[in-house]
Each structure stands twice: as structure tokens, then as C-alpha cells.
Amino acid sequence: MTQQRAPLWEALVKHLTAPGAQFHIPGHRSGEAIPPEFLQLAGPGMFRMDLTEIPGLDDLHNPQGAIAEAMELAAGAYGADKSFFLVNGTSCGLMALILACCGPGDKIIVPRNAHRSVVSGLILSGAIPVYYQPAVLDDFACLAGPDVLQIKKLLSENRDVKAVLAVNPTYYGVAGDIASLSAVCHGAGVPLLVDEAHGAHLRFHPELPPDALSCGADAVVQSTHKTGGSLTQSSMLHLKGKRVDHGRVAEALRMLQSTSPSYLLMVSLDVARRQLALKGRELLDKSLRLAGWCRDKLSKMQGLRVLNRERLGAAGAAFLDPTRLTISLLPSGLTGYRTAELLHHRYHVHVEMADAAGVVAVISLGTNVEDCRRLIWAIEELVVTEAGDPLHLPEPPRLPPPVVALAPREAWQKPGKDVSLENSLGMICGETVAVYPPGIPVICPGEVIEQPVLDYLLEVRQQGLHVQGPGDGKLRKLRVLV
């Protein structure tokens, strides 16, 4: 099959050029019933493409025509045996993989910094997590990719594990040695599942970290909308080999995905794949040049640090995606949160994310020179106008491995109550508490609140550190199981 084709796009255009009467959903009827202010800003073309499963446009849940052909082309572009279009984001792909590989009581090795959709997958499947903790990179408090030796040890201690899940690359562009990890997993007879949400572009340029599928991973989920040029919420799931049952994955996706999939999302995946296959090298050449120019300019400035390959040096940090700029102004006295706030309000520079240590700017396929000049100018001004005493990040906690009393599914189904943090010792936690930085959960649903964990959470509360997950963000109370 030639990558020049975009079958779903072609089928949609063919349908639009034929006259006809519409008596099907969606109810706006190609934009006729769209509020005028929305129509004026968006333009009429988008609404004409917002269609449903009518003859000629195939069916995502039983693909036999244009969608089936488009997904075959996606598999060819990514070197997969089977690919699926996702209209519910990478989240539903991760949940589908866990459901396909695990049942109630089955063990799965997962990182403590896994996306919250992984916890949803554990709840839906009834699987029991065996956690590993990625390393933290000094100066930036950001997490590395999977540690091969740590996972190898867990596999030897848990012979009944059904799968291993890895996040690669991380939000910060840090990637691990997936080829070695694949070999370890396959040697233990288990599949390797990779959350490659931030790596849909990796396969299309040799200067980027190697993509997980080419390194031997059995299943990969990618947020094509993040780095591949499709519309927000559209993703792909790729399978290679026989370790993950293709039919089970398809069945899980039929349960998890909308029965009214957006053709806007699906057709954007089709044309984004074609663009990457035909022009990905050229587009990424431009992105890499801009990223290199930005990194060079920023690295020469006083009062900040930029994450580069020389600063990796940790287990799980074998590669760095150069299109991710992780910038810390802690030497100038600015946290990442404050940096992002100033960039937004003062300079109209909008970064992808911020944490206590710094900010992450993504040099995407669409980034231009003016974007980069504005970022450099804004950072250059900040380190002069806002300079203060250098800030230091607190040491990450050295906590013992969690005691898992209940599987996440059991914990989610049980009733809970709020108790004061001081009175939670020995109880089973009913929610997740993660401290940023470094973003590793201190405790998850179904885990016992032990003394070292309680002591650390009390310290976090006293220092007013930023937390995510609990209902009470101030940590005055914690939800525990009854």
C-alpha cells in the first residue's frame, strides 16, 4: 500500500462533492444549525466534514472500507502488524491494553508516574500493580524513563506478572533503553506495553530517540495530536507480534470508545499519518533546527539551566528528544510555576507545562521562528528583571515500597470517609497523593498509610508543597476506606 493515499480523507471528500439530502445525525446538518458566532470563527468546512457512519464512510467498530484501509496504512507507516484509530485519546488505548492483558488479580508492572488512565485501567480490569520508581534527574526534578535492571528484578520476584508497562519518552523528552527492556520482558515471557503519548514523531527522524515499536515493544499507544499533527483527542494504538491478543484489544476498544466516533478526528489521523510518512523528515528537520537554535541561545544565558544530553546520566535516561526544551530559572530565584505565569501574562508566551523546577516548551511541527524569538527574548528579560536569590529543590522522599492491601478496583468500589491526616496511620488510602516535584505518587488507592508515608505527608503540608490527586489539596484531610 502506498503512503501517498489517505483513504478516509478521499472517501469523505468524495461524499461531500456529491449532491444529496441529509436525514442523519449530527443535528447541525453540515453547519446549518450551528450558532452563527461559532460558524463564523470555525468556518463552514469543518462542519461539512462532521459526519456519521453513512455508506461509503465505513464504521470504526467494524471497519471494512476506508477506515480499515487508513488503519492499514498507519500500521505500515509505523512498522506495526495492526493499528487502531483512537477517538477517546491515548487514555482509552492504555485502558484497552490493560484490559486485554490482565484480569482480576493479575499482576502488571507499572511505573509510579503512570498516567491516571493507567489507574483507571487497573480499576476496570481488577489487575494488581507492581510498582517501580523511575529515577529523578538532578537540578530538574524530572523523571527518567524505565530502569531496565529494576524491572528485571521485579520480574524475577513476580513470576506471575502478565505484562510490563513503561512511559517512554516522558513529558520532558527523556527516553530509556527500550530495546534492552524489550529483551528482558520477552525473556520473562511477558509483553511490553509502552505509553508513547509524547513520541508519535520519533520514527520519522534519525536524530530523535528510537521509537518503542522498532525497539521490540509489543504494544504502543501514541497521542498523534501531541506531536504528529492531528486534532486534539485523536491517537493511535499499534500492535506488533503475537504477545498481545489483537482480538482482545479490538474488543476492549469497542467497549471503551464512543459509538459515535468523530470523523473530524479520524480523518485528521489519516492525513497526519500521510504527512508524517511523506514529509515527516523534512518537517522535523525544521523543528530540530529551531530547537537547536533555542537550546544554544538559552544555554549561553546566565541564571538558568537547560536540560541537555550531558545532564542525563541516570538509569532510564539513555536518550533525550531535542524538540523538548526543559528550562529551569531556579538559579534566578523563579520556580517553574512563577516562570510560566510571567511568560503567559507579560509576554504572551504559552509553554506546555510547568512544575516547581522549570517549564517545558515543545518545538512542534508547526513552531516557527517568531515563536522561538519571543521565547528567547522573554526568558532573557526574566533572568534580568526578576533575578533573586537562587532556589533549591527539596530532596525527593526515600520511602519504602508501598504495602498494597487491596487492588485499585477493590479500593475504588469500597466506601470511604475523610479523616484528618494525623489520624490516618495504618488505614487504607482511598485516593492518590502525588507531590510535585518529582511527581511520583506518595500513596495510591488501596495502599496502607505507614509511618514514613505519614511523616512525609505531614512535612509536605507544613512546607505548603504542591500536591495533586487528593480531594483536599491542603492535606488537612485524607480519604480512607471504611
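These questions and answers walk through a few side chains in a predicted model.

Modeller: Residues are numbered from 1 along each chain as its sequence is written. In this predicted model local features need pLDDT of at least 70 and side-chain atom pairs pLDDT 80 or more, while totals for chains, interfaces and linings use all residues, and side-chain values use heavy atoms, without hydrogens and water.

Colleague: Which residues are buried in helix α8 (residues 178–187)?

Modeller: Helices here are DSSP runs of H or I, at least four residues, and strands are runs of E, at least two, numbered from the N terminus. Buried means under 20% relative accessible area, exposed over 50%, partly exposed in between (1.4 Å probe, protein chains only). In α8 the buried residues are Ile178, Leu181, Ser182, Val184 and Cys185.

Colleague: Is Ser235 buried or exposed?

Modeller: Ser235 is found in strand β10 (residues 235–239). Its relative accessible area is 0%, so Ser235 is buried.

Colleague: How do the rings of Tyr78 and Phe204 pair, and what is that arrangement called?

Modeller: Rings of Phe, Tyr and Trp (its six-membered ring) pair if their centres lie within 6.5 Å; planes under 30 degrees apart are stacked, over 60 edge-to-face, the rest tilted. The centres of Tyr78 and Phe204 are 5.3 Å apart and their planes are at 85 degrees, so the pair is edge-to-face.
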